[in-house]
Amino acid sequence: MDRLTHWAPAEWPLASSWREAVDGFLASVEGQRLAAFLRERIEAGATIYPPHPLRALELTPLEGVHAVVLGQDPYHGHGQAEGLAFSVAEGVRLPPSLRNIFKEMGCSPKSGSLVEWARHGVLLLNACLTVEEGQPASHAEKGWEALTDRLVQLVAASATPCVYLLWGAHAQAKALLIEATARQHGRDILILQANHPSPLSARRLPVPFLGCGHFTQAREWLADRGVQGVF
């Protein structure tokens, strides 16, 4: 099944280090509001992606995070979203933003799935974790952001060393939260900011995504701190 068919977060696997934060959210007013909204949309027959909204938390435990890539919401096309920011399922044509990401990396992979990144310590987290088919941002401001902001803050408080790749204004809006939290807890972080990799902005000033050198900078910074093989 490539879509969300029922609201059952207790059935979604996730690393134990995220459990307290997720359970706290689900029990909160925002969590209950989100649950009611998603149940209503599912009952109304809406096609909602992805089938496992918390997959990033399954593949990348908190204690293993050394890089964070923040997206806005999942891909809204059939079969695209797999619960990881910017990633698409095996066999799916690469979306333009992902093509630019690989172009900046200097590689041409056969698959657009970023599962291996996730398994090697890259938290691929969207701000909103579900979307309806053909309707970008359709689930924005429905409650997910309360959880994902908490997750970002949790990472900033504990992950070290950790690189944050903030592409576009939406992701960059989290920079102050990340910096303040990491400073408070004495964490070693690097924040890299550039335009979004979308073709609409990837070459625009002031900081074009293409040519930003973020992957090289991230690898070198992490390697200097004894962390290899993240990207």
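Leu 70 is found in strand 2. Helices and strands here are DSSP runs numbered from the N terminus, with at least four residues (H or I) for a helix and at least two (E) for a strand. The model is predicted, so local features need pLDDT of at least 70 and side-chain atom pairs count only at pLDDT 80 or more, while totals for chains, interfaces and linings use all residues. Residues are numbered from 1 along each chain as its sequence is written, and side-chain values use heavy atoms, with hydrogens and water left out.

Is Leu 70 buried or exposed? Leu 70 has a relative accessible area of 6%, so this residue is buried. The term buried means under 20% relative accessible area, exposed means over 50%, and partly exposed covers what is in between, with a 1.4 Å probe and protein chains only. Leaving aside neighbours within four places in sequence, Leu 70 is in contact with Phe 86, Leu 125, Val 152, Leu 165, Leu 166, Ala 171 and Lys 174. Contact means heavy atoms within 4.5 Å.

The whole protein can be described next. Its secondary structure comes to 9 helices and 6 strands. The radius of gyration is 17 Å, close to the 17 Å that the globule rule gives for 231 residues, so the protein is as compact as a globular protein of that length. That radius is taken over C-alpha atoms, and the globule rule is 2.2 Å times the number of residues to the power 0.38. The C-alpha trace spans about 50 × 40 × 30 Å along its principal axes. Of the 231 residues, 55% are buried. Among contacts between residues at least 6 apart in sequence, 73% join residues at least 24 apart. The accessible surface comes to about 10,600 Å², and 50% of this belongs to carbon and sulfur atoms. Accessible areas come from the Shrake-Rupley method with a 1.4 Å probe; for residues, only the protein chains shown count as cover.

Phe 86, one of the contacts of Leu 70, is found in the loop between strand 2 (67–71) and helix 4 (96–105). Phe 86 has a positive phi of about 70 degrees although it is not a glycine. With 9% relative accessibility, Phe 86 counts as buried. Phe 86 also belongs to one aromatic cluster with Trp 117, Trp 167, Phe 209, Phe 215 and Phe 231. Rings of Phe, Tyr and Trp (its six-membered ring) pair if their centres lie within 6.5 Å; planes under 30 degrees apart count as stacked, over 60 as edge-to-face and the rest as tilted.

How many aromatic pairs are there by this rule? The count comes to 9. Trp 117 counts as buried at 10% relative accessibility, and Phe 231 is buried with a relative accessible area of 16%.

The loop between strand 2 and helix 4 also holds His 76. His 76 is partly exposed, with a relative accessible area of 30%. Apart from neighbours within four places in sequence, its contacts include Tyr 49, Val 131 and Pro 136. His 76 and Val 131 are 55 residues apart in sequence, and their C-alpha atoms are 6.2 Å apart in space.

Tyr 49 is joined to Pro 50 by a cis peptide bond, with omega about -10 degrees. Pro 50 lies in the loop between strand 1 (48–49) and helix 3 (55–59). A cis peptide bond also joins Thr 160 and Pro 161, with omega about -10 degrees. Pro 161 lies in the loop between helix 6 (144–158) and strand 5 (162–167).

Ala 137 is in the loop between strand 4 (131–132) and helix 6. Its phi is near 65 degrees, a positive value in a residue other than glycine. At 40% relative accessibility, Ala 137 counts as partly exposed.
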